[in-house]
Protein chains: 2
Amino acid sequence: MDISVLFSGGKDSSLSAILLEPFFEVRLITCSFGFRETWKPARDIASELGFPHEILRIDGTILEAACNIAIDDGYPNRAINYIHQCALQRVASEHPVLADGTRRDDRVPMLNLADVQRLEDRCGCMYIRPLLGYGRRAVDALVNVHLEIVEDESERIEKSDYEAELRAIVEERHGPEMVHTIFPEHIQSRVIRRKHDHHTQIPAR
Amino acid sequence: MDISVLFSGGKDSSLSAILLEPFFEVRLITCSFGFRETWKPARDIASELGFPHEILRIDGTILEAACNIAIDDGYPNRAINYIHQCALQRVASEHPVLADGTRRDDRVPMLNLADVQRLEDRCGCMYIRPLLGYGRRAVDALVNVHLEIVEDESERIEKSDYEAELRAIVEERHGPEMVHTIFPEHIQSRVIRRKHDHHTQIPAR
């Protein structure tokens, strides 16, 4: 069965793809509004991980609307969730089995159960979150086995998540000070390479 | 890394073990209060699946308390959740990385996020739910690839879940009519065998 995994180049979406790999034909999808070419790191990391990768163009008016939400709120959470929901719908319209890197302890982006069921019902898709049942320590342990990563302040990590283009449009429209007002600094990760020296087990026959 | 999966012999706990297999050393654990030998089907199915299996004895007073809860409520949900929480704590005391077959759309047994985090903090364990991010259709699709199952009314399925011993104690203490009053009939599954004719993929090197 084919599965399309929303991919930012971070450790969560990378690990999700790795967990799905023995059971699905995995393809990575990075969404782009075309405002900045923020998808480039994702393309390189996808190649390093060994998965096929696609850029999916999303209507730029969604980014405009998200920018307005972030400015109104003075905080990016609702804007990022809005983009994530639009992105999932867009991906689901072409890829009936889709996944993302949402983890148990995540707050944003995160759909609640009702929104997830609505997405599946409306789009006729299956939306799978392989890491939803994993806490932070379990994710860290698996990442440590399978991935080499760098972590740094979000501003200095070159990633292909929604935040990258949202930051760019806020900066262009409202100046660099507004970016610092709206986006709290937090540690983010980027994948450097996949570790192949562990022993991945093959299911018993 | 070793992982201990709470195992009833049903399709959800079986599929959870299969999803974990490429990434962990999986061992299956069936809890028993020693009131009835309901663990026997689980032992046979574990052997068929190809995983090591253990019976973990749980304090029988927990089953007594659960019986009282079910009688008070006239419905088994709170009693089953109570048993599940006690079983998780018991398993966590010996097995620091544990898992179960809880799915996204399950109602019982199901811990909420606060209870999960409390369990991990208190026991210093990692509690992983591989199917939490999977909806019913996705689970059915994977089960269809990996398992041959039978489904029937819960009363007629020989399984090793908490309901089996809870039914037995309610019947002994309060008679067979009370079992029918408390336990709504629902379709349950039992695994017959693992399908090995699919192509499980090996992660790319």
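Visitor: Which residues of helix 6 of chain A are buried?

Guide: In helix 6 (residues 136-146) of chain A, the buried residues are A:Ala138, A:Val139, A:Leu142 and A:His146. They span an arc of only 100° around the axis, so they sit on the same side of helix 6 of chain A. The arc is that of the directions from the helix axis to the C-beta atoms. A residue is buried if 20 or more other C-beta atoms lie within 10 Å of its own, exposed if 12 or fewer, and partly exposed in between, with C-beta atoms placed from the backbone. Helices (H or I, at least four residues) and strands (E, at least two) are DSSP runs, numbered from the N terminus.

Visitor: What covers those buried residues of helix 6 of chain A?

Guide: The cover includes helix 1 (11-20), strand 6 (147-153) and strand 7 (187-194) of chain A, together with strand 5 (126-128) of chain B. In chain B, helix 6 (residues 136-146) holds B:Ala138. B:Ala138 is buried because 22 other C-beta atoms lie within 10 Å. Leaving aside neighbours within four places in sequence, B:Ala138 is in contact with A:Met126 and A:Ile128; contact means that the C-beta atoms, placed from the backbone, lie within 7 Å.

Visitor: How should I treat the numbering and the model itself?

Guide: This is a predicted model, where local features need pLDDT of at least 70 and side-chain atom pairs count only at pLDDT 80 or more, while totals for chains, interfaces and linings use all residues. Residues are numbered from 1 along each chain as its sequence is written, and chains are lettered from A and ligands numbered from 1 in the order in which they are written.

Visitor: How do I read a sheet?

Guide: Strands of a sheet pair through backbone hydrogen bonds, either parallel or antiparallel. Here, chain A has an open sheet of 5 strands in the order 3-2-1-4-5, with parallel pairing. Strand 3 (53-57) and strand 5 (126-128) of chain A are at the edges with a single partner strand each, so one side of each has no neighbour in the sheet. On average, neighbouring strands of this sheet are turned by 30° against each other, direction ignored. Axes are lines fitted to C-alpha atoms, for helices over the stretch in contact, and angles run from 0 to 180 degrees between N-to-C directions.

Visitor: How many bridges join strand 2 to strand 3 of chain A?

Guide: There are 5 bridges between strand 2 (residues 25-32) and strand 3 of chain A, which run parallel; pairing requires that DSSP finds at least two bridges. A:Ser32 stands opposite A:Arg57 in strand 3 of chain A. Helix 2 (residues 40-49) of chain A lies across strand 2 and strand 3, at about 155° to strand 3 of chain A.

Visitor: What about the nonpolar core?

Guide: In soluble globular proteins, nonpolar side chains tend to be buried together. The largest nonpolar core here has 111 residues, and A:Leu166 and B:Leu166 are among those with the most contacts inside it. Such a core is a set of buried Ala, Val, Leu, Ile, Met, Phe, Trp, Tyr and Cys residues joined through C-beta atoms within 7 Å. Beyond its neighbours within four places in sequence, B:Leu166 is in contact with residues including B:Leu63, B:Ala70 and B:Ile83.

Visitor: Where is A:Pro109?

Guide: A:Pro109 lies in the loop between strand 4 (97-99) and helix 5 (113-123) of chain A. Most residues other than glycine have a negative phi, and most peptide bonds are trans. The bond from A:Val108 to A:Pro109 is cis, with omega near -10°.

Technical notes:
Two residues are in contact if their C-beta atoms, placed from the backbone, lie within 7 Å.
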